[in-house]
Amino acid sequence: VLPFITELKMKISQPSLAVSGSYPSALNDLGSGAGPKVVMPSRSAAKLETLASLQMPFELKALEVCLDSIASYLNRLTSDLEAAAYPALDSLTSRVTAHNLERVRRIKSRLVRLTTRVENVREVLEGYLDDDQDMKDMNITAKEQHALQQALEAQVRRVRPAARMCTLTSPTARR
């Protein structure tokens, strides 16, 4: 938990996007030899650059860090499982023994658990992304700003009639 909290603090304090490996570095990687070459229409690249320059609200930065952390964790589990599976399957194909069968059975059990975790994360994300009200409710900063703006407008509406009454009843207004 402590590494996650540290990463969250570091990435949220950055003025740009929360996850350093997201849009800006992805744009830089497009032109370099790092990774596969992706040909992107200029309009899409411009949209990504615009996205990169936006200030994300705190909630979205925190959500992005959480999702990045979950994805990294699941990716690590997948890599560990893959590293264990290949040797176990190789030994099983060369020699079928109770020990090798048990190893493969345990790996399959881990694979099923990992698949279930990934499916659960996917279902939760789809549930939030499909429900517009959930997405709107997630942006607490905007809700707070909207409530503050409404309170100020209500206060101004109360002050204006009182100010108008003062000018109508003041002795200087009668002259």
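How exposed is Glu102, in terms of relative accessible area? In this predicted model, Glu102 is partly exposed, with a relative accessible area of 30%, and this residue takes part in salt bridges with Arg105 and with Arg106. The chain that carries these residues has eight helices and zero strands, and buried residues make up 15% of its 175 residues.

**Overall architecture**
- Among contacts in the chain with a separation of 6 or more, 60% are accounted for by residues 24 or more positions apart.
- The chain exposes about 13400 Å², of which carbon and sulfur atoms supply 61%.

**Salt bridges in helix α5**
- Four salt bridges are found in a search of the whole structure, including one between Arg105 and Glu102, whose closest N and O atoms are 2.5 Å apart.
- Arg105 and Glu102 are separated by about one helical turn, because they lie three residues apart in helix α5 (residues 98-130).
- Glu102 also pairs with Arg106, the closest N and O atoms being 3.7 Å apart, and these two residues are four residues apart in helix α5.
- Arg105 is partly exposed at 48% relative accessible area, and Arg106 is likewise partly exposed, at 42%.
- Glu126 and Arg122 form a salt bridge with an N to O distance of 2.9 Å; they are four residues apart in helix α5, and therefore about one helical turn separates them.
- Through salt bridges that share partners, Glu102, Arg105 and Arg106 are joined into one network.

**Negative surface patch**
- Asp130, Asp131, Asp132 and Asp137 gather in a patch of negative charge on the surface.
- Within this group, Asp132 is found in helix α6 (residues 132-138) and is exposed, with a relative accessible area of 63%.

Note on methods: Residues are numbered from 1 along each chain as its sequence is written. This is a predicted model: local features need pLDDT of at least 70, side-chain atom pairs count only at pLDDT 80 or more; totals for chains, interfaces and linings use all residues. Side-chain values use heavy atoms; hydrogens and water are left out. Buried means under 20% relative accessible area, exposed over 50%, partly exposed in between (1.4 Å probe, protein chains only). Contact means heavy atoms within 4.5 Å. Accessible areas come from the Shrake-Rupley method with a 1.4 Å probe; for residues, only the protein chains shown count as cover. Patches are made of residues with over 30% relative accessible area and no salt bridge: like charges are joined within 9 Å, nonpolar side chains (Val, Leu, Ile, Met, Phe, Trp, Tyr) within 5 Å. A salt bridge is a side-chain nitrogen of Lys or Arg within 4 Å of a carboxyl oxygen of Asp or Glu. Lys and Arg count as positive and Asp and Glu as negative; His and the chain ends are not counted. The place of a charge is taken as NZ of Lys, CZ of Arg, CG of Asp or CD of Glu.
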